[in-house]
Number of protein chains: 2
Amino acid sequence: MSVRAGIVVTGTEVLTGRVADANGPWLAGRLGDAGIELAHITVCGDRPADMEAQLRFLADDGVDLILTSGGLGPTADDLTVEIVARFTGRELVLDTALEETISAIVNRWMAARGDTTGLDSVAAATRKQAMIPAGAQWVTPTGTAPGVVVSGTDTLPTVVVLPGPPPELQAMWPAVVEVPAVAAILASAPQQRQETVRMIGVPESELAVTLRTAESTISGFDRLEITTCLRRAELEIVTRIDTGADDAYAALLDLLRAEHGRAIFSVDGSTVDDQVAGLLSGRLIATAESCTAGLVAGRLTDRAGSSAYVVGGAVAYSNEIKTDVLGVDADLIAAHGAVSEQVAAAMATGALRRFGADTAISTTGIAGPGGGTPEKPVGTVCFGIALGDGTVVTRTLVLPGSRADVRDRSTSVALHLLRQVLTAQP
Amino acid sequence: MSVRAGIVVTGTEVLTGRVADANGPWLAGRLGDAGIELAHITVCGDRPADMEAQLRFLADDGVDLILTSGGLGPTADDLTVEIVARFTGRELVLDTALEETISAIVNRWMAARGDTTGLDSVAAATRKQAMIPAGAQWVTPTGTAPGVVVSGTDTLPTVVVLPGPPPELQAMWPAVVEVPAVAAILASAPQQRQETVRMIGVPESELAVTLRTAESTISGFDRLEITTCLRRAELEIVTRIDTGADDAYAALLDLLRAEHGRAIFSVDGSTVDDQVAGLLSGRLIATAESCTAGLVAGRLTDRAGSSAYVVGGAVAYSNEIKTDVLGVDADLIAAHGAVSEQVAAAMATGALRRFGADTAISTTGIAGPGGGTPEKPVGTVCFGIALGDGTVVTRTLVLPGSRADVRDRSTSVALHLLRQVLTAQP
C-alpha cells in the first residue's frame, strides 16, 4: 500500500513569483526519502478561501498526509492555523504551555536586542501564535512559530503545519517526525531504495533510446520508477527501486554503462562538486576567471573546509588585468584574442605561479548578449587547467542560452574538466 | 470583476524537489502584470490521474484560465495534451499543418547535427507532438513542442498548454497572448498599477506596526493590496493599486518615508544591483574577496555591459594571498586577525592599487560552520570600500544563517555599502 501526501505552500510572495519556494522541494525530498508518494504540491497566497480549497482538494484526492508551510507569523494575515482548525472541524484554543514557551523565546530575543518597546503588542502576538486546534500536538518553535500536528481521522488526512522560513522549517523537521501521528504514517510507507546516476554530454534523446531498450530487455523493469532530468549540462537519472527489484536495477546500470560508459561520472549519488572536493584534497587550487568572473571560485568555496585547498584566484575581466596580475603576454592576447585556448592556458599557468598553487583553472569567453563574432559566437568559452607537474589542458566549448546560462554552464564545465584532468593524474 | 487563473506545473523532477520550478513564478509574474488574480499554482508528477485531479480542482474552484507547463515532449510519459483533451471532452486529432511545422524544425536540427539515424522514430515523435484536441489552436513551437490553447466554455476554463523548458515557454508567451481566446481573457482583467518599495535594515515587525497605522489612518487603504517579503537583508513591499486609489498609495508612501526614510532605497522598482550599476558608470571597480570568494565579482558582472566598469578582482582566501597579491601587511593580519576592519580596509586599498581601479570593495569574514570564536562568531563579516580620492569606509556585521546564507547576505551587504558610499560622493 502506497502512502500519499500533499504539500500546501502559502505565501503571496511565492505565489506571485517574487520569491522562489524552497520548502516544497525540501519537504518533497524528505517525503521521498521516507518512501511516501508525493501527489501534489499546491501554492496559494494569503486568501483563506484559496487555502481551504487546496486542503479540501488534497483531502478529497485521498492523501494520507498534508504538510503546510507558512502563514504562522504574528500578523493578521498569518491565518494557516485558523484555517486548518476550521478544515479539521476543531476549535482554536489557547495552549498555555505553548504560550509560555513562545514568550520565553521572544523575551530572550528582545533582551538580546535591548528592546523594551511594544511589550503589549508582543504579548498579543505571542497569544495569537499559541492558539492551536483543540487536541492538536505542537512542536517547539525553532523561530517563534510552533509546528502543529492534527491527527487524521477516517475522512481527513493528518495535517502538519510548519513555519515558512526555510531554516525554521528544516530545523523543526527532526522533531516533527517524532510526533506519534507523523511517525505512524512514515512507518507505514513501503521502503524503496533510491539510486542516482549522473552523466555529462549525453543528449536526453539518446538516453531515451537506451531506456526503451531497457524496457524491452530487462526483466522486472516495471518495478523501477525512473525519472530523468537535464540540468545544466548534466543528465540525472533517479531510480526508485521496489524491494526485491535489485537485479533489475543492476541490469539497468550494466546497460547504461555499456551504452554511455564514458559519459557516466557518478553512480553513487555524488555530485561533481563532491568529486572535485575529494580530488583536490592535498592540493592547492587557484582560479583565473574572465567570463565567469568569480563564480568558479565561489562554487569551489561553497563547502565548509574548502579553505584547505582553495588558495585564491583572480577575476581578470580586462585584458590589462590578465597581463598585470596573471602575467599573460599582451602579444599572445593580440595574436589570438582574449577568448582563445592560448590565453586560457596562459591564465592558468599564470595563476599557478601568482598564487603559489599546484592546480589552476581558467575561463575566458563571451557570455553575451553582445561581443560575439562569426568565428567566436556568443557562448564561446575557453577553459584551461594547469598543474604543478607541467600538465596544461585546454578546451573550447560553445554553450547555449542566456548570459546567465552561459556563465552558469561554464562554471559546471570548469568543474567537470577539473574532475577529468585530476582523475587522470597518477 | 476580477479574473482568476491557476497554473499547473508538471514534472516529476520538479515535484520531487530535484529541480526548482522556474515556470510557475515566471507565469505568475506575467499574470500579475496583466491584472489577473492568480489563485493557485499546483505541481504534479507524471501520473495522469494527479494532473487530471488538479485540472478538475481548478475548474471547480472557478478559475477563468488555466496555464500548464511541461509534459509536451516526444516520449511516452509526456501526456499533458492527451490529458487536457480528455479534461475538455475533446478528441485528440492530428493537425497536419502542425506536423509539417514540427517536422521542418526537427529536420533542420538533425541536419545541423549531421544526424541521419532514427528517422522513423523521429517521424513517430513528430506525429505524437502534432496531435491536439479537436478545435484547439496551436502556437508555433519555440523548441519542438507547440503551445495549445483550448477555449473555455460555460463550465470549463480556457486551458493554455505550454512547454516545460523555461526558455521555450518564455519565448512562446508573446504569441500565446495574441491567441484570441487568451487575448479576450487578458482584456477583461481590471487594470491595476503595481509599485514596489524596497528597504534595508528594517525588521518586518516594525513595518507591520507602520502598516497597522496606515490601515487606520489612510482613506482608501482597503483598495491597496500590499504584500511584504523579507529577502536576504531587504524588505520588499509590493502594492497593487486599484484604479482611482492613487491618493491612498501616495499617502502610504508618505507614511513609509516618514517612518523608515533612511532605510528606503528604492521606490521605483529598481534593485540595489540596478542602482550600483548606475553609480559605477564612469568608474572602474575592483574586488578583493575572502569569505565571499568571487561571489561579489560574479554578481557585479551579472549584467551585460558590466565590463565597462568591472576591471577585475582577487579571491584572497588565504592570508598569503592577501599579502602577496593585495599587499596587505602581514603584521596587520597578525595584529588584528584576517577578519578585521583593518584588514578589510587594506584589502580594498590594495585592490585599488593592484587593479588600477578607482573603486574597490573587500570582504573578509567567517562564513562557518567552523572558525568562530567568542569575539568573532560565525557570521562575522568585515567590509571595506576604498575610492580613488582616498576615501576608505569599513563596516562589520554579524550575519545569521548557514554558510550559504552568510555568503549570500554578505554579497548583498557589499552592494548596499557600495550604494551608500557612492551615493554620498559628490
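This is a predicted model: local features need pLDDT of at least 70, side-chain atom pairs count only at pLDDT 80 or more; totals for chains, interfaces and linings use all residues.
Chain A brings 66 residues to the contact, and chain B brings 66 residues. About 5,100 Å² is buried between chain A and chain B, and carbon and sulfur atoms give 55% of that area. On the side of chain A, the residues that lose the most area to chain B are Arg18(A), Tyr317(A) and Arg354(A). Together these residues account for 12% of what that side buries.

**Helix pairs**

Two packed helices are described by the angle between their axes and the distance between the axes. The table gives these values for three pairs.

| Helix pair | Angle between axes | Distance between axes |
|---|---|---|
| α3(B) (residues 48-60) and α4(B) (residues 80-87) | about 45 degrees | 10 Å |
| α11(B) (residues 272-279) and α16(B) (residues 403-423) | about 40 degrees | 9 Å |
| α2(A) (residues 23-33) and α7(A) (residues 166-176) | roughly 15 degrees | within 10 Å |

In chain B, α3(B) and α4(B) are oblique to each other because of their angle. The crossing of α3(B) past α4(B) is right-handed. From α3(B), the contact takes Pro48(B), Met51(B), Glu52(B), Leu55(B), Arg56(B) and Ala59(B). From α4(B), it takes Thr80(B), Ile83(B), Val84(B), Arg86(B) and Phe87(B). By class, the residues of this contact of α3(B) with α4(B) are 7 nonpolar, 1 polar and 3 charged.

The helices α11(B) and α16(B) are likewise described as oblique to each other. Here α11(B) passes α16(B) in a left-handed crossing. The residues of α11(B) that take part are Val272(B), Asp273(B), Gln275(B), Val276(B) and Leu279(B). They meet Leu415(B), His416(B), Leu418(B), Arg419(B), Leu422(B) and Thr423(B) of α16(B). The contact of α11(B) with α16(B) holds 6 nonpolar, 3 polar and 2 charged residues.

In chain A, the angle between α2(A) and α7(A) is such that the two helices are roughly parallel to each other. Their crossing, α2(A) past α7(A), is right-handed. Asn23(A), Trp26(A), Leu27(A) and Arg30(A) belong to the α2(A) side of the contact. The α7(A) side consists of Pro166(A), Leu169(A), Gln170(A) and Trp173(A). Sorted by class, the contact of α2(A) with α7(A) has 5 nonpolar, 2 polar and 1 charged residues.

**Backbone features**

A cis peptide bond runs from Gly368(A) to Pro369(A), with omega near 0 degrees. Pro369(A) lies in the loop between β15 (359-365) and β16 (380-387) of chain A. In chain B, the peptide bond that joins Gly368(B) and Pro369(B) is cis, and omega is about 0 degrees. Pro369(B) is in the loop between β15 (359-365) and β16 (380-387) of chain B.

Ala293(A) is a residue other than glycine with a positive phi, near 45 degrees. Ala293(A) is placed in the loop between β13 (285-289) and α12 (295-300) of chain A.

Note on methods
Residues are numbered from 1 along each chain as its sequence is written. Chains are lettered from A and ligands numbered from 1 in the order in which they are written. Side-chain values use heavy atoms; hydrogens and water are left out. Axes are lines fitted to C-alpha atoms, for helices over the stretch in contact, and angles run from 0 to 180 degrees between N-to-C directions. Helices (H or I, at least four residues) and strands (E, at least two) are DSSP runs, numbered from the N terminus. Angles under 35 degrees count as roughly parallel, over 145 as roughly antiparallel, 65 to 115 as roughly perpendicular and the rest as oblique. A crossing is left-handed if the near helix is turned anticlockwise from the far one by less than a right angle, and right-handed if clockwise. Contact means heavy atoms within 4.5 Å. Ala, Val, Leu, Ile, Met, Phe, Trp, Tyr, Cys and Pro count as nonpolar, Asp, Glu, Lys and Arg as charged, and the others, Gly among them, as polar. Buried area is the accessible area (1.4 Å probe) that two parts lose on being put together, summed over both.
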